[in-house]
Amino acid sequence: MRRLHTRLAGALLSVLTLTLTTTACGGASGATVTSPATASTATADRVEPLPTGPQPRLPVTVRSADGREVTVEQAKRVVPLSGSLSEIVFTMGLGDRVVARDVTATFEQAAGLPVVTRGHDVSAESVLSLRPDLVIAETTSGPDEAMDQIRAAGIPVLVVEGATGLDDVGPRIEAVAEALGVPSAGEELTRRTEQRITEVAKSVPENAEKPRVAFLYLRGSASVYLIGGKGSGATSLIEAAGALDAGAESGLAKDFTAITSEALVKAAPDALLVMSKGLESVGGVDGLVKIPGIAQTPAGMDRRIVSVEDGVLLNYGPRTDQVLASVVEQLYAEGGTR
């Protein structure tokens with residue numbers, strides 16, 4: 001999600017000269033998503049920890065994605081600076097060590113934690129006031145001044161590469177696990193997650209014609225209507241659901257492009273993938289089809305909409321199997337979401 005914020009911010013500056021509001025990307029409302037493998041134990045607003053809580057073996061020295069060597073002496077007070085990173089820590093069974101959260105950490109177990117960062121707006125003062133012994137950040141966490149202030153206070157900061165697709169799930173989990181001194185738990189969680197994703201992928205109808213799916217980023221309150229192209233972060237998920245990324249296939253070179261009738265006609269999506277709060281912000285499906293050009297697409301005419309909760313859609317982490325299951329279920333349901 002954080003890398004998504006960066007791509008969207010650039011698109012808004014160049015296309016609409018608007019500032020993306022980061023707080024709108026959080027929130028727990030939206031579709032409940034469950035996979036066949038986890039339906040009895042996990043829902044969209046909860047994570048499912050590993051059955052056996054691991055015991056960290058520290059200190060460890062690891063290489064951070066920013067090129068620094070980071071030594072972690074202890075991990076009793078951990079601050080992950082994104083919802084996705086929080087999911088990983090909690091799902092490995094170390095949630096009791098997390099003392100703060102990003103606004104995008106919307107799952108139930110993290111709900112009571114203080115918010116110390118909202119998208120790109122990391123509050124160094126708030127982070128330091130909680131006396132963390134480890135901060136886990138994304139490559140896009142910032143501003144730089146805040147991150148430098150945290151490091152200057154002597155707090156180890158592990159930077160993890162941002163997620164852009166399914167191939168990033170395992171490396172991100174294992175990077176966090178290594179820094180926390182629980183590499184075996186990281187391997188176990190990676191296996192579990194990848195197995196569940198594989199199982200969900202098997203549920204895609206074998207003989208189905210590949211539908212064209214366009215990823216739309218919508219914020220009606222700011223009149224922000226964007227269609228994802230190559231690099232939006234949604235392509236991997238769409239393809240895993242047995243579909244084609246309509247934006248990328250139509251030749252949209254930018255991560256995000258302002259929605260126009262011309263762009264939509266060229267993309268010709270059979271279905272639209274949206275975040276639940278984005279859909280809500282434009283007045284639901286009825287409001288979405290009123291956006292110029294939407295009603296003229298096959299997706300608009302059929303009202304074929306796939307909606308997934310903002311906080312999990314592009315996290316590419318321990319709950320990605322649930323997200324994929326929801327996309328597959330909605331995409332191949334007769335008539336789609338109306």
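The legends below describe close-up views of a predicted model.

In this predicted model, local features need pLDDT of at least 70 and side-chain atom pairs count only at pLDDT 80 or more, while totals for chains, interfaces and linings use all residues. Residues are numbered from 1 along each chain as its sequence is written, and side-chain values use heavy atoms, with hydrogens and water left out.

**View 1. The whole protein chain.**
The secondary structure comes to 13 helices and 14 strands. Helices (H or I, at least four residues) and strands (E, at least two) are DSSP runs, numbered from the N terminus. Of the 338 residues of the protein chain, 57% count as buried. Buried means under 20% relative accessible area, exposed means over 50%, and partly exposed lies in between (1.4 Å probe, protein chains only). A contact is a pair with heavy atoms within 4.5 Å. Among contacts between residues at least 6 apart in sequence, 68% join residues at least 24 apart.

**View 2. The nonpolar cores.**
A nonpolar core is a set of buried Ala, Val, Leu, Ile, Met, Phe, Trp, Tyr and Cys residues joined through side-chain atoms within 4.5 Å. The largest one has 64 residues, and those with the most contacts inside it are Met-92, Ile-136, Val-176, Leu-180 and Leu-313. Apart from this core lies another, of 20 residues, with Leu-216, Val-289, Ile-291 and Ala-299 among them. Not counting residues up to four places away in sequence, Met-92 touches Leu-50, Pro-54, Val-176, Ala-177, Leu-180, Val-182, Ala-185, Gly-186 and Leu-189.

**View 3. Helix α2 and its cover.**
Helix α2 is largely enclosed by the rest of the structure, because 11 of its 12 residues are buried. Among the buried residues of α2 are Gly-83, Leu-85, Glu-87, Phe-90 and Met-92. The cover over the buried residues includes the strands β3 (78–80), β4 (101–102), β7 (134–138) and β8 (157–160), along with the helices α5 (169–179) and α6.

**View 4. Glu-87 and Arg-319.**
Glu-87 is found in helix α2, and at 2% relative accessibility it counts as buried. Leaving aside neighbours within four places in sequence, Glu-87 is in contact with Val-47, Phe-107, Gly-311, Val-312, Asn-315, Pro-318 and Arg-319. The side chains of Arg-319 and Glu-87 meet in a salt bridge (2.7 Å, N to O). A salt bridge is a side-chain nitrogen of Lys or Arg within 4 Å of a carboxyl oxygen of Asp or Glu. Arg-319 lies in the loop between β14 (305–308) and α13 (320–332) and Glu-87 in helix α2 (residues 83–94), so the pair ties together parts that are 232 residues apart in sequence. Arg-319 is also buried, at 4% relative accessibility.

**View 5. Other salt bridges.**
The structure holds 11 salt bridges. One of them joins the side chains of Glu-48 and Arg-196 (2.8 Å, N to O). This pair links distant parts of the chain, 148 residues apart: Glu-48 is in the loop between α1 (2–16) and β1 (60–63), and Arg-196 is in helix α6 (residues 183–201). Glu-48 is buried, with a relative accessible area of 18%, and Arg-196 is buried, with 14%. Asp-66 and Arg-68 meet in another salt bridge (2.7 Å, N to O). Asp-66 is partly exposed, at 31% relative accessibility, and Arg-68 is partly exposed, at 39%. A network of salt bridges links Asp-66, Arg-68, Asp-148 and Arg-151.

**View 6. Helix α6 beside helix α13.**
The two helices pack at an angle of about 10°, with their axes 8 Å apart. That makes α6 roughly parallel to α13. Axes are lines fitted to C-alpha atoms, for helices over the stretch in contact, and angles run from 0 to 180 degrees between N-to-C directions. Angles under 35 degrees count as roughly parallel, over 145 as roughly antiparallel, 65 to 115 as roughly perpendicular and the rest as oblique. Arg-196, Ile-197, Val-200 and Ala-201 in α6 meet Thr-320, Asp-321, Leu-324 and Ala-325 in α13.

**View 7. Gly-278 in helix α10.**
Gly-278 lies in helix α10 (residues 276–281) and is buried, at 1% relative accessibility. Not counting residues up to four places away in sequence, Gly-278 touches Leu-218, Arg-219 and Asp-310. The C-alpha atoms of Gly-278 and Leu-288, 10 residues apart along the chain, are separated by 9.6 Å.
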